[in-house]
Amino acid sequence: MLMQPDQTSEQVSATSAAPILSLNRVTKVFPGVTALSEVSLELFPGRVTALVGENGAGKSTVVKILTGIYQADGGQIEIDGQPVRFPTAQDAGDAGVTAIHQETVLFDELSVAENVFLGHAPRGRFGLIDTAAMVEKARDILTGIGAEIDPRTKLKELGIANKHLVAIARALSIDARVVIMDEPTAALSQKEIEELYELVEELKGQGKAILFISHKFDEIFRIADNYTVFRDGALVGSGAIEDVTEAQLVKMMVGRDVSQIFPERDRNVGDEILKVEGYEHPTEFADISFTLRKGEILGFYGLVGAGRSEFMQALFGITRPSSGAVTIDGKRADIRSPADAVGRGIVYVPEDRGKQGAITALPIFQNVTLPSLGRTSKNGFLRLAEEFKLAREYTERLDLRAASLDTDVGNLSGGNQQKVVIAKWLATQPKVIILDEPTKGIDIGSKAAVHEFMAELAAQGLAVIMVSSEIPEVLGMSDRVIVMREGRIAAEVSGVDMTPETLVRHAAGI
Amino acid sequence: MTDTIRAIPDRLQSPLERRLKSWETLLFAVAVSIFIVNSFTSPYFLNAWNLSDMTFNFTEKAMIAFAMALLIIAGEIDLSVASIIALASTAMGAAVQVGIGTPGLVAIGLGVGLLCGAFNGVLVTRMGLPSIVVTIGTMSLFRGISYIVLGDQAYRGYPSDFAFFGQGYVFWVISFELVLFALIAVIYFVILHKTNFGRAVYAIGNNPVGAEFSGIRVARVKFILFLLTGLMSGVAAICLTSRLASTRPSIAFGWELEIVTMVVLGGVSILGGSGLIPGVVIAAFVMGLVTFGLGLLNVPGIVMSIVIGALLIGVIALPRLWDKWRS
Amino acid sequence: MSKQALMSREVLLTGAIVLLLAIIASRFPAFITPGNLANVFNDTAPLILLAIGQMIVILTRCIDLSVAANLALTGMVVAMINVAMPALPVPVTILISVAFGALLGMVNGVLVWKLAIPPIVVTLGTMTIFRGSIFLLSDGKWVNAHEFSDPFKAFPRTELLGLPVMSWFAIAAVILFTLVMTRTTLGRAFYAVGGNPHAATYAGIDVGKTQFWAFTISGALAGLTGYLWVSRFAVAFVDLAGGFELNVVAACVIGGVAIMGGIGTVIGAMLGALFLGIISNALPVVDISPFWQLAISGGAIIIAVALNAQANREKGRIILKRAEHAT
């Protein structure tokens, strides 16, 4: 696997043939599942290697092995050709491997400087932490990445994007030779993403090896030099990025040809079912008004942080709006809690499945019947036979795969968990279903199933609201799209106006 | 799983199969062995009246433990229960002084219990405060009020028919308290395992956010649980006051920890989300048997507490040690 | 860490203490003479020492209910050593008390770290085991004033620069642990583990091990306090400092330590302890029955936790926050 010289890192390109870090036939086994089987991976100085694969392909496991969170069960890690072991995260840091993790792994109650230097703070007299030096160094690093953050402020006072910059600063504070970026752009705005790209170029220039994990093909093709593809915990391909096309990468990822085809739909939109007028919240959104008809799929597009989920949660009664009115089926509805919303026929499939959607420690049938217990029970007493009947009816409609209806939801794959959550809501026979990023983090096969099912629901007269950040999904599924920006409706587009360009333009405000 | 297998079975494991592998089975075996050991070590143990006396070691505490079990399963805790007993008992004692009869005393005992439970419930569910701290506070507050009222004095002079609750027998050696205990156990079994409310309790304990997002009124359920715990403390206060025929502010001191021990020993996860009423019933018997058996051997109460403490840690630690050792 | 918010909490508490002193002084000016305030501080020294240890434990999302039992057991051990070997120098006795207390703390720590048993269960168990062990050790007998050697009794009362040694221990602990918490890696680890255990693991911090050290520190401070307490009052017995663990938790809560972990300072814990200490010292002076003390500290806990929660509450997502809080 010989590399093409890279123009952006000439000073190191001459010696770039030898990898800094390599994984050699690494295996990781969890009870009941082999997460990685004999995978190999090489990271070269001054080069960005993109690691791609579907969810569950083993990308996160590799990151955790490289950062000392997990221990490999077989194979070895080599740095400069020498085998090394990372029993703890500290050891990985000491060996020059650092990571910007997908989740924010920071501490709200500590200062920015303390967050940056936790575990490797500069020491002064008597081995005590030198606070002044720590603040100064943190300021240098933050300035270096273009972040204007006072290192002495408490982390909890920062917004999400700034927190992410602190996480990046933390990764850079370790003088690392290998930088791992696990979906670093997921929480960032377009401008911040551009700055991140510049940072990546700079790191390449310094001869660091970068492992870049992303789901976004446009950014992979923009900044990666090499690629490595995992599928089901195994290595399926690697090489120089200019030697592959997007279609080839996708084929390697899923093991078959996939063109993203959305189901054909008969668009027969019925009567108005939901009317929202002037919804406002002191901090999250303002002036949201729209209507929704039976059988319609209404897409909500916007950048992360545009206030879409916040609005949906208010509509579902999780938070209270400061003003605004909802009319369902011609009747005013006062929604003060999710229980009220469900009672009025509005249900919500949240983005955070594990925490908000499913109760993972309870079995499938109990999850499905939880909001419908009033129907399956008699005078408040449970009737298990009725519960199994209801659960079976709706899980079969969704083609759920599980060992039994008594299986805990936590033991299911992401796609099947999502089906349980959707089944739970359909069992309440709702009028309006809100789907918040319904296909995020589920495999391509399940994705298509969810899309088909949405189309089917709409055909049966259910009104669907879909929040999505994936433009193809929004365009492929929606009858109409509302674009939100900074907590407000920026535009409503339909028909021929529904193009990727319009959505992006309205979302970014250009 | 292939496409041909379309139908998902309801259950793979029968409920009986689950039960045999359960914590409750282990605990039951412990109870039986303690019973056997006791009957060999003391000649006085296998005596109907002695065994009947033994039940007084746990009946009052267990009444509260059932309500506490629901509260802990829902992810909350109430450390003020023993202080609610003190306050309810003090209120009843004060009522006796102004000549209120037994029905009035019962109403006051239950009423004070409910009020205290409501107070905890409002602080936790309305103001969103952590229950462990709130109830450490009300634990001092409720008993503190008893101290303010009584100081180093005691209330006595309870009417003679009031004695029935703690000293009466329904049939032969079967005391009123034992019957009440059994009745309450059945009621709580039904509430937790057979009703929608019980299902909501488990859902909340496993994932309060997910439960809220599933349309369950989490705050309301928790508030009711605090009310129930207060109510059961009131019931226990009536029984205990009747049995002792006097009220001091130090009444039932330290019971909260014994009750929590009983619940945890019964297999209820202190982290919430799991646990069964039968487990708590067996745990109540285990604690009663240990206390009583050692008592017959003239082992002082404080040493029994070592056994209870060791039991509490041991029954949780041993399975985990076993797992560690095997892997 | 938003110094402003943190300071405001401590400034608020200092304000409350000053206000409290002013109210007392308005009727009894003698209470705020330097001599009396020094006495109050000296009286509160054990609570301050224990509160610092508890603060660190709570910071790591644990709780140590065994501190008072640890204090009493260590106190009994050093008392019996003193009776057996009156010539043993006091510094050696102190070393033994710290080491023995730390050892007991390590027992808690190991159970939490290695077996992942919930801290409240572990320390509930060890609390009763420690208490029971005192009985086994002493056979239930008291060690009385005349049995101790004179240096053993005199040491905590010895005056140094106008303050008894007992007070100096508290002052030294406040300074030492302020340094540990703000300027050492271990101190940072305590905050990190409590603030976000998941993230702490990613930062190379072993959560369980950090909690182990928190329990060890809490145990060491409890052991030290055990010697100081026994020598100051010249008595050791089974129920010494019974129920004191709740005062310690109360001091922490009043001092702004968040029971959910990650928030708290040494100064805050000290101020919380002083607040309770002033009240208990002032009650007899202002001629309120000491029986009021329990209720007052209960009320103070509830108010303090409500204020803490208010200060930490962020805008929006009220229901979500509440639901998450309950876990």
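**Note on a sheet in chain A and the fold of chain B**

1. Strand β17 (residues 432-436) and strand β18 (residues 463-467), both of chain A, run parallel and are paired over five bridges. Pairing requires at least two DSSP bridges between two strands; strands are DSSP runs of E with at least two residues, helices runs of H or I with at least four, numbered from the N terminus. Within this pair, A:V432 lies opposite A:A463 of β18(A).

2. This is a predicted model, in which local features need pLDDT of at least 70, side-chain atom pairs count only at pLDDT 80 or more, and totals for chains, interfaces and linings use all residues. Residues are numbered from 1 along each chain as its sequence is written, chains are lettered from A and ligands numbered from 1 in the order in which they are written, and side-chain values use heavy atoms, without hydrogens and water.

3. The open sheet of chain A has six strands in the order β16-β17-β18-β13-β19-β20, with mixed pairing. β16 (346-349) and β20 (488-494) of chain A are at the edges with a single partner strand each, so one side of each has no neighbour in the sheet.

4. Chain B contains 15 helices and two strands. Its radius of gyration, taken over C-alpha atoms, is 21 Å, close to the 20 Å from the globule rule for 327 residues, so chain B is as compact as a globular protein of that length. The rule is 2.2 Å times the number of residues to the power 0.38.

5. Along its principal axes, the C-alpha trace of chain B spans about 80 × 55 × 35 Å.
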